[in-house]
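Here is a protein chain to explore together. Take a moment to turn the structure around before reading on.

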Amino acid sequence: METELQGQEKTGITIDGSGCIKAVFGKIKATALDLAKETKKVGQDDPRRIIHSLKVGLALTLVSFFYYARPLYNGFESSGMWAVMTVVVVFEFTVGAVLSKSFNRGFATTLAGALGVGVNQLGSLVGEKEEPIILGLFVFLIAAASTYTRFYPHVKARYDYGVLIFILTFSLVSISGYKVDEIVELAHKRLSTVLLGCAICIIISIFVCPVWAGQDLHTLVATNLELLSNCLEGFGSDYFGVSRDGNSTMEPREVESSIHGYKHVLNTRTTEESLANFARWEPGHGSFLFRHPWKQYLEIGVLTHQCAYHIEALSVYSNSEIQAPPELHRKIQQPCMKMSLESGKALKELALAIKTFAPPSSVGVHIESSKRAVDELKTVLEAVSRKGDDLLGMIPSLVVSSILTDIVKCVENIDESIHELSRQARFKNAVVGTVSLDKPGLLHHGIVKLINGHEGDGNHVIVSVHGTSSE
């Protein structure tokens, strides 16, 4: 009997042990699958990340030859490691970021090394007793002053990394304890390897599948405008429960919310500022000429974020538990739908203009239409206000109307800012102007669009006529 019990216990232990092992292996397998899915997703979201990883590996492989190859190693010795370290800290995702860090690191290393050698020379002249005092005084003054400059907004945005390297290099050189001749030789080797690492990073980042910060900024601004356009065009379906043409009524469960794209726009402010900062370092490339007006993109971004905040407020009030009287709801539906739709169409036209490097063409038509809707809405609200019925129930609708009016004004400001961008950047894909057509068969004015050229050079002209014609 005891033998049987012992056998059962051993069997139970074996079963429990194998079950635990299977659970552990199952967990490892699940973790591996999740990691594989995450790795695949990161690459699919932006395939340039895979290429960037390969570029970093290539740069490190090339620079490692200066450490491991014997003829090259004899020239640089252990200082070759500084080239490896430079590649690791300098090689960023975009060309502008690489140029920014390379310039900061190279210039800061040169200046700090020269200043450190000078301070050591000065210390050796005053004597051994006074030398620690001189070195300590200069380290304190220069480190404190350099650190303070990092609080300047302009320095913080563009040269913060360089100031950090300057403080580090100067402090290391000043208190190294080497003789002046040894310091000069050491500084020369380290500066040479740092510049070598920077040069390899710059060459690979520019000539091997370059990723331009300016192009990313250009695309991001246009994408944000498209997202806000979709929000505004979908507002009528969300708030009034009708289709975008304003005719067919939709059940609440059929209404698909498309107003929440503004959340992505609100999260891109830091990215825009970072890309604009790096874009200033990049040379002219493609459609982005030298001294491209990157600052204007930030102004457009500020206006875009203002519009996104208005849409956020619109989303909050449109979901208010306080419902407007059905009669008021019907009266403001048409002008509000028109304001949101026309504003959305205007933003879509502006996004297209940025993408195609063409001055906005038909945006003015949509803006004027939205302004007329604002006037219609004011007329409706004035008539309703004279009655004074159910003021509490009118509040959400009045707030929504006010926010839509602010959005129309905001879209107009964005239009002006993009026109200024097209002027400064010299967009040339299309030159748009309006002319009056005097032919008797045409009743209204049209829009003349000159493709890929300027007026008077004989290029193809497209005339779009708004109106009807009579025989």
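Predicted model: local features only at pLDDT ≥ 70, side-chain atom pairs only at ≥ 80, totals over all residues.

Residues are numbered from 1 along each chain as its sequence is written, and side-chain values use heavy atoms, with hydrogens and water left out.

Let us start with the aromatic rings. A pair of aromatic rings is described by the distance of the centres and the angle of the planes. Here, rings of Phe, Tyr and Trp (its six-membered ring) pair if their centres lie within 6.5 Å; planes under 30 degrees apart count as stacked, over 60 as edge-to-face and the rest as tilted. By this rule there are ten aromatic pairs. In one of them, the ring centres of phenylalanine 103 and tryptophan 281 are 5.3 Å apart and the planes meet at 45 degrees, so this pair is tilted. Phenylalanine 103 belongs to helix α5 (residues 95-126), whereas tryptophan 281 is in the loop between α13 (269-279) and α14 (294-318), so the pair ties together parts that are 178 residues apart in sequence. Helices in this account are DSSP runs (H or I, at least four residues), as are strands (E, at least two), and they are numbered from the N terminus.

How much of each partner is open to the outside? Buried means under 20% relative accessible area, exposed means over 50%, and partly exposed lies in between (1.4 Å probe, protein chains only). Phenylalanine 103 has a relative accessible area of 42% and is therefore partly exposed, while tryptophan 281, at 17%, is buried.

Elsewhere, Phe288, Trp294, Tyr297, Phe357 and Phe427 form one aromatic cluster.

Rings can also have a charge over them (NZ of Lys or CZ of Arg within 6 Å of the ring centre and within 35 degrees of the ring normal). Tryptophan 281 comes up again here: the charged end of arginine 158 sits over its ring, 5.0 Å from the centre. Likewise, the charged end of lysine 101 sits over the ring of tyrosine 161, at 4.9 Å from its centre.

Leu58, Leu62, Phe65, Ile203, Phe207 and Val208 make a nonpolar surface patch of about 560 Å². Patches consist of residues with over 30% relative accessible area and no salt bridge, with like charges joined within 9 Å and nonpolar side chains (Val, Leu, Ile, Met, Phe, Trp, Tyr) within 5 Å. The areas come from the Shrake-Rupley method with a 1.4 Å probe, and for residues only the protein chains shown count as cover. Helices α2 and α9 (180-207) each give two or more residues to the patch, and α2 provides the largest share, with three. Leucine 58 is in helix α2 and is partly exposed at 38% relative accessibility.

Two residues other than glycine have a positive phi. For arginine 291, phi is near 60 degrees; this residue is in the loop between α13 and α14 and is exposed at 72% relative accessibility. For phenylalanine 357, phi is near 55 degrees. Phenylalanine 357 lies in the loop between α15 (326-356) and α16 (363-387), and it is buried, with a relative accessible area of 14%.

Side chains of opposite charge can pair when their charged atoms come close. A salt bridge here is a side-chain nitrogen of Lys or Arg within 4 Å of a carboxyl oxygen of Asp or Glu, and the whole structure has 13 of them. One joins aspartate 45 and lysine 41, at 3.0 Å from N to O. These residues both lie in helix α1 (residues 2-45), four residues apart, about one turn of the helix. In another, the closest N and O atoms of glutamate 273 and arginine 269 are 3.1 Å apart; these two are in helix α13, separated by about one helical turn.

The salt bridge between lysine 338 and glutamate 376 (4.0 Å, N to O) links distant parts of the chain, with lysine 338 in helix α15 and glutamate 376 in helix α16, 38 residues apart. Lysine 338 is partly exposed at 25%, and glutamate 376 is partly exposed at 36%. Finally, Asp46, Arg48 and Asp216 are linked in a network of salt bridges.
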